[in-house]
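Please open the structure in a viewer and keep the sequence beside it.

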Amino acid sequence: MSEELKKVNCFMCWQECGINLRIKDGKLIGAEGDPESLLGGGYTCERVRAIPEFHYHSDRLNYPMKRAGKRGEGKWERISWDQAMDEISEKLIKIRDQYGPEAVSLNAGTVHEPADYTGWRFANYWGTPNIFAQGKNCGSASILTEVAMYGWDSLGANPYPGETKTIVSWGSNHAHSNNTKWNVTQLAMEMGATLVCVDPRYTEVAAKADLWLQIRPGTDGALGWGVINVIIEENLYDKEFVEKWCLDFDKVVERAKEYPLDKVSEITGIPARDIIEFAHLYADGPTCQLWGVACCQIGGKASQSASHAQKILIAITGNVDRKGGNPQTGPHKFLDYFDVNGYRHFMNNQNVRECVTADKFPLCSVASFRRAVESVQKVWDGQGYGASQYFLYSSPRGLVDAMRYGDPYPIKALFIQGGNPLCNIPNAKNWYEAMKCLDLSVCMDWYMTPSAAMCDYVLPAADFVERPYLMVFEGVTNSTMAMKQPMEVLYERKDDYYMWKEIAKRTGMAGEWPDTIEGLFDLFLRKTGISWQELADQDFSWLIPDEEYQRYEKQGFGTPSGKVELLPSLFAAAGLDPMPQWEEQPQSKNRTPELAKEYPYRLLSGLRIRPWWHSQHRQLKTLRWMHPYPVVEINPETARKLNIVNGEMVYIETPLGRVRQKARVTEGIQPDVISAEAYWYFPEQPEEEPSLFGVWETNINAIISDEFVDCDFAGDNPMRGCLCKIYKASTAFAYDSNPGEAEGEILSSSGDMSVV
């Protein structure tokens, strides 16, 4: 039989690049880039080479399983899907009857379609506000500020090659976290765009930048206000846009005066001349400010002031909804996303209780969600905000307290789909203790993870090779495309929607719950008049809106005032300061000097290194050989002082404990800063406790604070806002010396990825 190619979108990370699967005699033998795809245009990364191993791996979950021993004991009983759905549904009904629908919580990862939106759909119709996904720590502060200020977000903003003049990468290394965006950035630079990078680390993006600002961690808000001050003082702002569309500019002018160059330079460690150059470049637009996560993870008013100043810069330079700047997608042109996903049903449900952290972080609450949607609907033809989940995400510590202590009310059931809280959420041992208190815990995933090992039921999820597809992308895009299911499902794996619709039918939930995921796709597409099958059958199966910019000229902005609110009234309504001063991070040498005496180094814990995607793919030998162990970056000056040698095992310690990683000595980080790799566990280690796949040995999130006082205004955890110490470890990893020795074809490393 000859080899055939089948189109699909890759989900080895969140970027969904178009690829062609190579299938021979019914077996997947490889994958390659699809040059006809609008996503990636034929680009592939090293993860694509691992797709066959991922699909056929012996560790894949293939059958529903029920816990047969104590939680974490590693004993399981194989059961049928019907038994699993019957028992889970019966327990859910009991929990709902005794504690209310809000006693059920959901935990998700980062863009695991269709797990994400089908889970939120369930939550909306079930009536629980207690949802969480890793997207919260990736963007809540930034997204909520944009929606409050402009009435929509520019989350997906890309440079427009040939149009964008300045690109600002602020707190993100897209070369590792978003390769497709990085490719577009480099193309725009080839066509004349200038790249500015704001980052305390010397990253691949910093290496390519025309201007690299090596900022002192946590001082981004001061930098932002300093740049605003230069732009205003030199009359570089867009006067026409500001006068016609911006409210409270006079107050911004007065606040900016409080951030003169000498003060900002001293705070940030950036020379005044570089701040001036940054301001000039920003004002010489169109300027595209790329989405970055760092400022959402620095904690306290340091985070709020940073997010606020960044969005003011977009506004006063006239780059809101501008071609080549930061365009707004607006509501989905082709998908009935808001209504089909149940957000309107949830908004109108007067019996919905507030989430467990609404009193502490009121911007993320049912009340705030309703206020934001009401404003958005006035401008966007009655349609609600697409990524509404960001207004509803609870702060993780609040979910833990509700599970462990019933504070402010009990959460008794937890569903994990594509998430891994024991790896991905700070103070992970708090989550571990909380999961032991639940009446019901269910995980649906591809592999047994540390978090799945602590659940009552583990269900096998189909991967992207064995399910049909409709691009929904969490409600943050306005184009879509359809792909047919390329291969038959193996064993008893199911698509993620299957679990929710089976539970919905057994528990008598409201809403439409078609028998198949294709039926759900038809609901999303209903306003187009075509079915999912009809779209998938087309040679070009995309639905793409016409380019539109500056739509505010016709309709205004989706804010309560219809203008750009430089001091967002949605913040004021939630009891927040709408124009916060910059402050040092909650944990810092100036604010917590006694703590800093014992823990003198600033810890950055968001380091992501390809080929990984958060906590995924550690099982895959095709990838593991490239980067077998986690690394922590340390400056040579610090390494010499502490007698640490490159590649040596070290302990990183905070008040919550210590973990081990291998030292990478580099000039690309400041002497008082430590940058640790995140999300590690070791699938080759024992599942049963106390190991849980070695999750406590190297996982930096196990020792990051989750205290409310360290979080920012949205409840985001301070993943880049804690203090630590670092010192030589007495022992090395007690693991196989070659854990990533590949079977079969060995890939060649590209760039500086294998660092140990």
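Where is the place of aspartate 336? Select this residue: aspartate 336 sits in the loop between α13 (300-316) and α14 (337-340). Helices (H or I, at least four residues) and strands (E, at least two) are DSSP runs, numbered from the N terminus.

The model is predicted, so local features need pLDDT of at least 70 and side-chain atom pairs count only at pLDDT 80 or more, while totals for chains, interfaces and linings use all residues. Residues are numbered from 1 along each chain as its sequence is written, and side-chain values use heavy atoms, with hydrogens and water left out.

**The surroundings of aspartate 336**

Aspartate 336 has a relative accessible area of 16% and is therefore buried (under 20% relative accessible area; exposed is over 50%, partly exposed in between, with a 1.4 Å probe and protein chains only). Next, display arginine 526: its side chain makes a polar contact with the side chain of aspartate 336, at 3.0 Å. A polar contact is a pair of N or O atoms within 3.5 Å; within protein, one must be able to donate a hydrogen and the other to accept it, and residues adjacent in sequence count only if both atoms are side-chain atoms. Apart from neighbours within four places in sequence, aspartate 336 is in contact with Leu523, Phe524, Arg526 and Lys527 (contact means heavy atoms within 4.5 Å).

**The open sheet**

Now select the 7 strands that form an open sheet, in the order β5-β4-β15-β14-β13-β6-β7, with mixed pairing. Its edge strands, β5 (76-78) and β7 (131-133), each pair on one side only. Two strands pair if DSSP finds at least two bridges between them. Within this sheet, β4 (residues 65-67) and β15 (residues 457-460) run antiparallel and are joined by 2 bridges. Methionine 65 stands opposite valine 458 in β15.

**The barrel**

Move to the 6 strands that close into a barrel in the order β20-β24-β21-β23-β22-β25; the pairing is mixed. Here β21 (residues 631-634) pairs with β24 (residues 673-677) in the antiparallel sense over 2 bridges. Valine 632 stands opposite alanine 676 in β24.

**The whole chain**

Finally, show the entire chain, which has 28 helices and 25 strands. Buried residues make up 67% of its 756 residues. Colour the chain by pLDDT, the predictor's confidence in each residue, from 0 to 100. The average is 93, and 97% of the residues score at least 70. Over residues 736-756, however, pLDDT stays under 50. Where pLDDT is low, the predicted coordinates should not be read in detail.
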